[in-house]
Amino acid sequence: MNTLVIYTHPNHQSLNYTFLQEVLRGSRENAKVKEIQVLDLYEEGFNPVLVFNEHKRRRDMHSDPALAKYREQLLWADKIVLVYPIWWGRPPAMLMGYIDQMFASGFAYRDKGGLLPEGLLKGKSVVCISTMQGPTHYPLLMLHNAHKVLMRKALFNFVGIRKVKFFEFGSMESKRGKHAQKLERIYRYFQTAN
């Protein structure tokens, strides 16, 4: 299994970075994992800004040479792991800009003229690991699970990825946030995950 880990946080001293390290530690100990690649969007200097004009058209985004490396990573990966904070009830703009550009028509899905397109990324799985300041159940109770609906239904199911797992960790800025237990949970999951 090839694993692509997409890390989206500007600070390597953050708890999110520690979660990234536990993903890597568990994955390296997992006999089912063949190879791991890490894409740190901030360190990479990924440009999340969409530009469409007379020279750059949305319909050509699936073949933009500037994004070829990232398309190859997504095609290579059997499992895609996203590590990011929840800010204002959703992933950071950097990650959303990556999604806007990478999950393009002609690459991630193809219109068939019906209600739903054909997902072109079938057979892959996704794990979303997110942290937030508020309580764990805040997105469910106050936001009607908007984050999970966005990621699972509006994005991954749309492009053919049906296996999507979430780890949403709340109260992460509290001393009672049970950080060590949550980090251990991630490590153990990736140590044995298929």
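Predicted model: local features only at pLDDT ≥ 70, side-chain atom pairs only at ≥ 80, totals over all residues.
**Entry 1, salt bridges.** I looked up the salt bridges and found that the structure holds five. I went through three of them, including the pair Lys 69 and Glu 44, whose side chains meet at 2.5 Å, N to O. This pair links distant parts of the chain, with Lys 69 in helix α3 and Glu 44 in helix α2, 25 residues apart. I checked accessibility for both partners. Lys 69 has a relative accessible area of 41% and is partly exposed; Glu 44, at 33%, is partly exposed.

I then took Lys 56, which forms a salt bridge with Asp 64, with 3.1 Å between the closest N and O atoms. Lys 56 is partly exposed at 34% relative accessibility. Asp 64 comes out at 11%, and since buried means under 20%, Asp 64 counts as buried.

Next I looked at Arg 188 and Glu 184, which form a salt bridge at 2.8 Å, N to O. Both lie in helix α7, residues 179–192, and are four residues apart, about one turn of the helix. I noted Arg 188 as partly exposed at 43% and Glu 184 as partly exposed at 31%.

Which side chain of opposite charge is nearest to Asp 40? I found Lys 69, 11 Å away. I placed Asp 40 in strand β2, which covers residues 35–40. Setting aside neighbours within four places in sequence, I found Asp 40 in contact with Tyr 7 and His 12.

I located Ser 63 in the loop between α2 (41–44) and α3 (68–76). Ser 63 is partly exposed, with a relative accessible area of 43%. I also took the C-alpha to C-alpha distance from Ser 63 to Gly 106, which is 8.2 Å for a separation of 43 residues in sequence.

I looked up the volume of the second largest pocket, about 270 Å³. How many residues line this pocket? I found 15, with Arg 58, Ile 99, Asp 100, Phe 103 and Leu 155 nearest its centre. Helices α4 (93–102) and α6 (146–156) each supply at least two residues of the lining. By class, I recorded the lining as twelve nonpolar, one polar and two charged residues.

Key: Residues numbered from 1 in each chain as written. Heavy atoms only, no water. Buried < 20%, exposed > 50% of the residue type's maximum accessible area, 1.4 Å probe, protein only. Lys, Arg positive; Asp, Glu negative; His and termini not counted. Salt bridge = Lys/Arg side-chain N within 4 Å of Asp/Glu carboxyl O. Contact = heavy atoms within 4.5 Å. 1 Å grid on protein atoms, 1.4 Å probe; cavity = no way out; pocket = protein on both sides within 12 Å on 5 of 7 lines; lining within 4 Å. Points joined across faces, edges and corners; volume = space filled by probe spheres on them. Nonpolar A, V, L, I, M, F, W, Y, C, P; charged D, E, K, R; others polar.
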